[in-house]
Amino acid sequence: MARFVMEFERPLVELEEKLAELKRLDIAATPDLADEIAGLETEIEKLRETLYSALSPWEKVQVSRHPGRPKTQDYVETLFEDVVELHGDRSFGDDEAIMTALATLDGRRCMVIGHRKGKNTKENIKRNFGSPHPEGFRKARRAMKLAEKFGLPIVTLIDTQGAFPGLEAEQRGQAWAIAENLATLAALRTPIVVVGIGEGGSGGALAIGFGDHLIMLENAYYSVITPEACASIIFKDATRAPEAAPCLAMTADDLLRLGIADEIVPEPRGGAHREPATVFASVARVVSEALRQLTEMPLDELVEERYRRLGAIGVYNEQ
Amino acid sequence: MPIYDWFKAREGRNYTTTSASAPGELPDGVWVKCPSCKHTLYKGDLDRVGDVCPHCGHHFDIDAPRRIALLVDEGTFEETEAGLTSVDPLRFNAAKPYTESLAKAREASGLPEGIITGRALICGHPVVLGVMDFRFIAGSMGSALGEKVARAFRLAGHERRAVVILTRSGGARMQEGMLSLMQMAKTAAEAERLARARLPYISVLANPTMGGVTASFATLADVIFAEPGALIGFAGQRVIEQTIRQSLPKNFRSAEYFEECGMVDAVVPRSELRERIGVVLDYLAGSSVADATESVARGIAAEGGDR
């Protein structure tokens with residue numbers, strides 16, 4: 001399978017290909033070659049360092065969308081044990097763009113709710129590329145209420161470009177379903193840990209995307225609007241997304257600075273897809289720790305604190 | 001309109017040929033053409049009926065101050081949080097600086113922010129009223145607007161008032177990035193707190209109500225009214241067309257469409273809105289069950305925030 005190359009990686013990939021070509025040559029026949037290979041290897045290492053050490057917001061968006069990036073399903077399968085998936089919203093259908101499951105992390109029983117993108121085209125069609133319809137949000141809400149009823153803490157995994165913008169989604173009350181979830185999450189009497197693992201697209205992300213502790217992967221984004229949609233509004237040109245991305249304060253660093261995210265999980269150089277196992281281990285550790293702390297809090301205090309934190313978000317002038 | 005009100009309104013009818021109070025988005029002048037049925041209308045008459053075309057019922061756009069005048073018992077509106085305004089926290093500057101958009105919006109609307117909130121009486125019921133103005137950066141919700149909505153809910157909680165909010169918005173204000181998105185959660189949280197305090201909340205979805213406003217406080221009301229012909233929804237029209245690669249049916253996502261879908265309680269003409277709200281509040285604000293507030297806000301602090 002051909003390797004997926006992100007736009008900004010191209011110069012590096014060219015060098016890597018050249019190196020591979022050189023290595024195929026007969027070194028014995030051309031003595032200079034060894035030096036050239038060594039030189040190229042140093043150059044590649046340098047380029048890797050500069051390329052990946054300070055990704056721009058738009059580059060991070062590309063990393064967050066990398067097809068090999070670990071998805072909700074991977075996290076659930078790797079981090080959790082005794083997984084019992086729950087299906088359906090009890091009203092319309094089962095939206096596979098959202099996964100809800102009873103699952104155990106580090107011996108702690110929880111409810112997991114996540115946007116579920118597919119690994120390939122076939123899966124993505126079934127899962128609508130992780131973009132939920134109202135029944136997906138209602139399925140999530142059902143899981144939230146269930147968790148509250150039986151005292152299970154909630155772990156949500158955010159990875160969506162947004163709520164699906166379609167005719168039937170609107171007809172069935174996309175906005176209503178999202179709003180209901182926001183109201184439910186705000187007052188839910190159980191701890192909620194949110195992990196931004198990839199894309200955090202607007203209201204569709206927020207509908208399962210806030211709680212008591214927000215963890216962002218280094219290259220995950222969370223935004224009021226996708227950079228493409230923003231560019232198509234302000235520049236009337238979606239291809240100018242790279243210019244829009246830095247304006248939206250959507251990276252993990254931005255969220256931490258704005259007091260919206262609580263911590264950042266570093267990714268291996270180049271992105272989570274390079275070494276998923278490292279990322280799984282880090283996420284398991286921080287989620288576990290957050291759950292441990294939150295489950296010690298009395299519920300009244302927990303919800304009060306959630307309200308206080310939400311109420312404090314925003315910058316305005318007051319006379 | 002009761003006949004007494006009609007006579008009263010008639011007294012104030014203005015026959016001068018200049019526009020005294022330039023109402024909203026209507027062009028200045030004595031005569032106005034209805035964009036829907038093309039009838040030429042005398043503006044004095046239009047003012048008197050809340051800017052609704054007497055021939056086809058087309059609801060003209062009107063601004064927030066005028067809407068407030070049409071909704072509340074005369075002389076009862078008392079504005080709150082008028083000094084709470086937007087700043088430019090992200091130094092947003094793509095295509096044009098956010099500060100410029102804000103300055104323009106203030107100039108065009110004469111308002112400090114995209115929503116006016118305050119205490120008022122509606123048909124004798126004490127309410128906290130919020131009315132959005134589309135001229136202010138398309139009524140978009142940033143930090144200041146979200147905070148004003150949140151405080152309106154909290155004020156109602158403190159003073160045991162009902163909340164009435166009329167929405168007109170393109171959605172979240174992208175110039176404030178994630179701070180804007182989080183206002184959806186903040187306002188929804190306060191709507192939920194009001195609900196747990198068993199205080200009534202009525203929303204009126206006017207043209208247009210879209211995106212992050214529809215997907216937060218606007219649709220969390222106990223009773224949802226919509227103004228005739230209002231466009232309501234989540235995603236933008238063009239985004240949907242591009243996604244599903246077909247053009248959308250006429251009237252898709254109009255107030256009437258959503259009434260049919262079961263998403264709003266009723267489409268209410270502007271002329272009847274005040275009284276309909278009054279009647280609903282007669283039912284909801286006068287709780288006859290003694291312990292209705294007993295289980296209030298289990299787990300959420302009964303008091304509002306610390307501001």
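This passage describes the fold of chain A and the side of chain A that touches chain B. The structure is a predicted model, in which local features need pLDDT of at least 70 and side-chain atom pairs count only at pLDDT 80 or more, while totals for chains, interfaces and linings use all residues. Residues are numbered from 1 along each chain as its sequence is written, and chains are lettered from A and ligands numbered from 1 in the order in which they are written.

Chain A contains 14 helices and 8 strands (DSSP runs numbered from the N terminus, with helices being H or I of at least four residues and strands E of at least two). Its radius of gyration is 22 Å, close to the 20 Å that the globule rule gives for 319 residues, so chain A is as compact as a globular protein of that length (taken over C-alpha atoms; the rule is 2.2 Å times the number of residues to the power 0.38). Of the 319 residues in chain A, 48% are buried, that is, 20 or more other C-beta atoms, placed from the backbone, lie within 10 Å of their own.

In chain A, 53 residues are in contact with 54 residues of chain B (C-beta atoms, placed from the backbone, within 7 Å). The largest contribution to this side of chain A comes from α8(A), with 9 residues. Strand β8(A) pairs with β4 (residues 84-86) of chain B in the antiparallel sense over 3 bridges, where pairing requires at least two bridges found by DSSP. Within β4(B), Leu84(B) is the bridge partner of Glu318(A).

Key
Buried ≥ 20, exposed ≤ 12 C-beta atoms within 10 Å, placed from the backbone. Contact = placed C-beta atoms within 7 Å.
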